[in-house]
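Take a look at the structure below. How do helices pack, and how do charged side chains pair?

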Amino acid sequence: MYYSDDVINEVLSRNDIVDVIGSYASLKKKGANYEACCPFHHEKTPSFKVNREKQMYHCFGCGVGGNVFTFVMEYENLNFPEAVERLAERAGVQLPEKSMNAQERSREQYKITLREMNKTAAAYFHYILKHSQHGEKAYEYFHETRGLSDETINKFALGYSDIYRDDLYRYLKSKGYTDDQMKGSGLVEISEKEGGVDKFWNRAMIPILDINGKVIAFGGRVMGDGKPKYINTSDTAVFDKSHTLFAMNIARRSRRKGFICCEGYMDVISMHQAGFDNAVASLGTAFTFGHAGIIKRYADEVYLAYDSDGAGVEATKKVIAILREVGVGARVINMRPYKDPDEFIQNLGSEAFEERIKKAESGMMFLARIYSEEYDQSDPGELTKFQNQIARELAYIEDDLERNNYVDAIARKYVIDKDALAAKVHAYGVAGTAKPEIVERETRRFQEQQGYEEFPGDQSAGAPGRPETKDNKTAKLLLTWLVNRPELFARLDGVVSEADFEPGIYRTVADKLYSQYREKHKVEPAVVVNTFQDVEEQRLVAGMLQTDLAIDMTEEEIGNAITEVVKKIKLASIKKQLESENDMMKVQQLIKDRKKIEKFKVIL
């Protein structure tokens, strides 16, 4: 923490969220809320709501939400301490000196140094490109071969790493950076034999920025026939390629619908130049759940523009499966007869690409078409395999209406008996029980990368980018009820407490809410959000605390719904305690508690 809770809460109390957001967007009063067209995504009908009582905002279109700090962080590309400072200045609050322990100060300073070094390197590469003789070939590559304008070259700060293998090393050394710092940045390799050796040399350079617009890494395209053709900075303290999407800092501000996902950064740069500023790409790695989690913050649909060759088709299949797992729809852009978006736009232009976007195929229909091409439709055995493969994909669609519509459409298009296909889909199981192997594999891989075994609580706690469990959703629902109807704290006293929530984000939120109610007999959702400084976590928490429930429910229906939620959470808690408890006295008490909760009912 940079500032104490008291300081943060003081700044929060002095910045009314309606006044602050009203200075960025045109808010109109509607009932208990204020509303506007969302400033974070394109929409024609307002779905962005601001609640003065809760001091929270939430967009029901793209899912963004939080308190006044979250808004300023998102809109102004600031981190949490910077947002506190910006709002303190606005409200005339005098901030104390930042306080950190030695370890925190060292870690933060190290990250600042790496970002400054990357920024310095980017400026140096760009200067060489524009002002040196050696940079002419890279400029020719960008300008002539790729068709990029000077404006685009400058916008993306494209550059060139010189032919000398220690050129950047010597330059950074002259700027005062140490060998250890340069090694930590991933820009330079240090060895006793050769000293400092640049990772990038004789390459056209593309700076990689984080979501806040800070340079954190580079991609380099070799000039000539060297191998590998493209390389990226390895993961560092400021760069995690499994959680970084190229150009997301620009794309998230786009007024276009959704995102266009490409394979490489050159495709993205070309598309931005052509006016498609919602294009992004993963970097030197396969598309991950981390990438999907970032996308889900801002959009509920993605257009896939992966290469049209075999590898691109396989990558598209995988991305569809991962996006579907986190609740983001996918449509596939047909770029034939060209291989990639860059090639397509250079030959047919942006208007033709715009038409391809409008005609983009839904992910499910794309899969059906691809599988129909992979299996020999004239062979009964191959035909059966094709139909089984389609049934497995269809079984993964949770919404009954959507699934039935696709069953009907695919049965008609591929001349399959509709009833037989529907029966096969049912046999494979609906609502996620028939997860494609690719999703299971990628889920395990992502969990291993994120060290799940070290943080077991987070797996069931709704951590951003990680699939929610049923128990998780139940916990979130109860927390939402408690915020909507604080009188429930008294009704549930002695029945369910914060200790009954699984460790993780939801447990932390429960701790804060229960503590607030005990001390003040009210809850302050905006203060709870301050517990988390990561924007993804703030958005997750804001979503549950801002949601309005029970609009069309009677008091009896509300009571029944809360009863079921409380029972599920308490029974799960008792079950877990019974599994680990060896004291027979406590076991007997837990059994009594279980019988008691089974008869429990909330009457409002």
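The model is predicted.

**A helix pair**

Two packed helices are described by the angle between their axes and the distance between the axes. Here, helix α16 covers residues 363–374 and helix α17 covers residues 380–395. Angles over 145 degrees count as roughly antiparallel, so α16 and α17 are roughly antiparallel to each other. The crossing of α16 past α17 is right-handed.

Which residues of α16 meet α17? They are Met364, Leu367, Ala368, Tyr371, Ser372 and Glu374. On the α17 side, the partners are Glu382, Phe386, Gln389, Ile390, Glu393 and Leu394. By class, this contact has 7 nonpolar, 2 polar and 3 charged residues.

**Salt bridges**

Side chains of opposite charge can pair when their charged atoms come close. How many salt bridges does a search of the whole structure find? It finds 30.

| Asp16 | Arg52 | 3.0 Å |

Start with Asp16 and Arg52, whose side chains meet in a salt bridge. The pair links distant parts of the chain, 36 residues apart. Asp16 sits in the loop between α1 (5–13) and α2 (17–22). Arg52 sits in the loop between β3 (48–51) and β4 (56–59). Arg52 has 33% relative accessibility, so Arg52 counts as partly exposed.

Asp342 lies in helix α14 (residues 341–348). Arg146 lies in the loop between α6 (136–145) and α7 (150–155). The pair therefore ties together parts that are 196 residues apart in sequence. Are these two residues buried or exposed? Asp342 is buried, and so is Arg146.

The last pair is Asp511 and Arg507. Both residues lie in helix α24 (residues 505–520). They are 4 residues apart, about one turn of the helix. Asp511 counts as partly exposed, at 32% relative accessibility. Arg507 is partly exposed as well, with a relative accessible area of 24%.

Salt bridges can also share partners: in this way Asp16, Asp19 and Arg52 are joined into one network.

Methods: Residues are numbered from 1 along each chain as its sequence is written. This is a predicted model: local features need pLDDT of at least 70, side-chain atom pairs count only at pLDDT 80 or more; totals for chains, interfaces and linings use all residues. Side-chain values use heavy atoms; hydrogens and water are left out. Axes are lines fitted to C-alpha atoms, for helices over the stretch in contact, and angles run from 0 to 180 degrees between N-to-C directions. Helices (H or I, at least four residues) and strands (E, at least two) are DSSP runs, numbered from the N terminus. Angles under 35 degrees count as roughly parallel, over 145 as roughly antiparallel, 65 to 115 as roughly perpendicular and the rest as oblique. A crossing is left-handed if the near helix is turned anticlockwise from the far one by less than a right angle, and right-handed if clockwise. Contact means heavy atoms within 4.5 Å. Ala, Val, Leu, Ile, Met, Phe, Trp, Tyr, Cys and Pro count as nonpolar, Asp, Glu, Lys and Arg as charged, and the others, Gly among them, as polar. A salt bridge is a side-chain nitrogen of Lys or Arg within 4 Å of a carboxyl oxygen of Asp or Glu. Buried means under 20% relative accessible area, exposed over 50%, partly exposed in between (1.4 Å probe, protein chains only).
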